[in-house]
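Subject: A structure for you to look at

Hi,

Here is the structure I promised to pass on. Have a look at it first, and then read my notes below.

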Amino acid sequence: MICPKCGSNNVTTQTLTDTKTTRKVKGFGWIKACLGYLLFSIPGVLCGLCGMGKEKHKTTTYTKVIHVCQDCGNHF
């Protein structure tokens with residue numbers, strides 16, 4: 001590998017890994033509330049509260065390869 005800035009062969013390769021975690025909290029379920037209303041009338045609207053407040057976690061990992069010139073410090 002040759003550095004495009006200075007032309008040196010003294011280049012090392014580094015692997016960077018980044019992890020990102022997202023969180024989503026469920027709210028009131030309108031579809032459950034409508035179905036509950038159709039089946040059980042007014043008290044059935046409380047079916048929309050079922051599962052409210054539960055969290056879902058999603059983890060995503062990104063990997064990136066970077067070449068670094070040891071002579072001039074150029075990243076490419």
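Let's start with a pair of charged side chains: those of Glu55 and Arg23 meet in a salt bridge, 2.9 Å from N to O. Glu55 lies in strand β2 (residues 55-69) and Arg23 in strand β1 (residues 11-25), so the pair ties together parts that are 32 residues apart in sequence. A search of the whole structure turns up one salt bridge. Do keep in mind that this is a predicted model.

How open to the outside are the two partners? Arg23 is exposed, because its relative accessible area of 56% is over the 50% cut-off. Glu55, at 41%, is partly exposed.

Next, the surface. Which residues gather in a patch of positive charge there? They are Lys24, Lys26, Lys32, Lys54 and Lys56. One of them, Lys32, sits in helix α1, which covers residues 30-40. With a relative accessibility of 38%, Lys32 counts as partly exposed.

Finally, go back to strand β2, where you will also find His67. Is His67 buried or exposed? Its relative accessible area is 17%, and buried means under 20%, so His67 is buried. The His67 side chain has a partner too: it makes a polar contact with the side chain of Thr13, at 3.1 Å.

Cheers

Notes: Residues numbered from 1 in each chain as written. Predicted model: local features only at pLDDT ≥ 70, side-chain atom pairs only at ≥ 80, totals over all residues. Heavy atoms only, no water. Salt bridge = Lys/Arg side-chain N within 4 Å of Asp/Glu carboxyl O. Helix = DSSP H or I, 4+ residues; strand = E, 2+ residues; numbered from the N terminus. Buried < 20%, exposed > 50% of the residue type's maximum accessible area, 1.4 Å probe, protein only. Patch = residues over 30% accessible without salt bridge, like charges linked within 9 Å, V, L, I, M, F, W, Y side chains within 5 Å. Areas by Shrake-Rupley, 256 points an atom, 1.4 Å probe, with all protein chains shown as cover. Lys, Arg positive; Asp, Glu negative; His and termini not counted. Charge placed at Lys NZ, Arg CZ, Asp CG, Glu CD. Polar contact = N/O pair within 3.5 Å; in protein donor to acceptor, adjacent residues only side chain to side chain.
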